Amino acid sequence: MGMKKKVLIGLAVMLVATLAFVPAVSAEGPRDGTLTAHGDGVAALAGRGSVEISGRGILWFRDVAGDARWTVSGYGEKREFSNGWIEYLGFHGNFEATGSRIIVVLSGNNIDLWAQGRGRFFLWGEGEYQLGPRHGNWSTEGEVLTLAPVE
């Protein structure tokens, strides 16, 4: 993996992790936003809700609140770190998680993503996404976007 890609992955994790957590329930009730995306590059999400992601590359996951449930299928070498991060090197499969404060990052190709909840996400590379009724393209600018209900 090139140095530029390592820096981008680190930046994605930091941006999403530090900006991620919004109130779990709005004043109007527990409505959630929905995101779908497909592309190649880096997909990072953090917040409360459910995530399903598949593809090939390196997957990182962190259960910040300690209440998440997750499943992994496919291939990859699992490593667990003392700070709570779980890494799957050579990931090629599916990952699903639900929790009140989770972070999921996949760097690789053929990424398919579905998420429902509240938080922040970062899509770097080439691909398309749909956030509620809004369609967009992945960027190489490093923009952090909000996953929330469409008003």
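Colleague: In this predicted model, where buried means under 20% relative accessible area, is Phe61 buried or exposed?
Modeller: The cut-off for a buried residue is under 20% relative accessible area. Phe61 has a relative accessibility of 1%, so Phe61 counts as buried.

Colleague: What relative accessible area does Phe95 have, and what share of the residues of the protein counts as buried?
Modeller: Phe95 is also a buried residue, its relative accessible area being 0%. For the protein, which has 151 residues, the share that counts as buried is 44%.

Colleague: How many aromatic pairs are there, and is the pair of Phe61 and Phe95 stacked, edge-to-face or tilted?
Modeller: Rings pair if their centres lie within 6.5 Å, and by this rule the count is four aromatic pairs. The ring centres of Phe61 and Phe95 are 5.1 Å apart and their planes stand at 55°, so this pair is tilted.

Colleague: Which strands does that pair link?
Modeller: Phe61 and Phe95 are 34 residues apart, and their pair links distant parts of the chain. Phe61 lies within residues 33-63 and Phe95 within residues 85-131, which places them in strand β1 and strand β3.

Colleague: Which residues form a cluster through ring pairs?
Modeller: The cluster contains Phe61 and Phe95, whose rings form the tilted pair. With Trp70 included, the ring pairs link Phe61, Trp70 and Phe95.

Colleague: What pattern does the protein follow along the sequence?
Modeller: The protein has one helix and five strands. Read along the sequence, these elements give the pattern α-β-β-β-β-β.

Terms used:
Residues are numbered from 1 along each chain as its sequence is written. This is a predicted model: local features need pLDDT of at least 70, side-chain atom pairs count only at pLDDT 80 or more; totals for chains, interfaces and linings use all residues. Side-chain values use heavy atoms; hydrogens and water are left out. Helices (H or I, at least four residues) and strands (E, at least two) are DSSP runs, numbered from the N terminus. Buried means under 20% relative accessible area, exposed over 50%, partly exposed in between (1.4 Å probe, protein chains only). Rings of Phe, Tyr and Trp (its six-membered ring) pair if their centres lie within 6.5 Å; planes under 30 degrees apart count as stacked, over 60 as edge-to-face and the rest as tilted.
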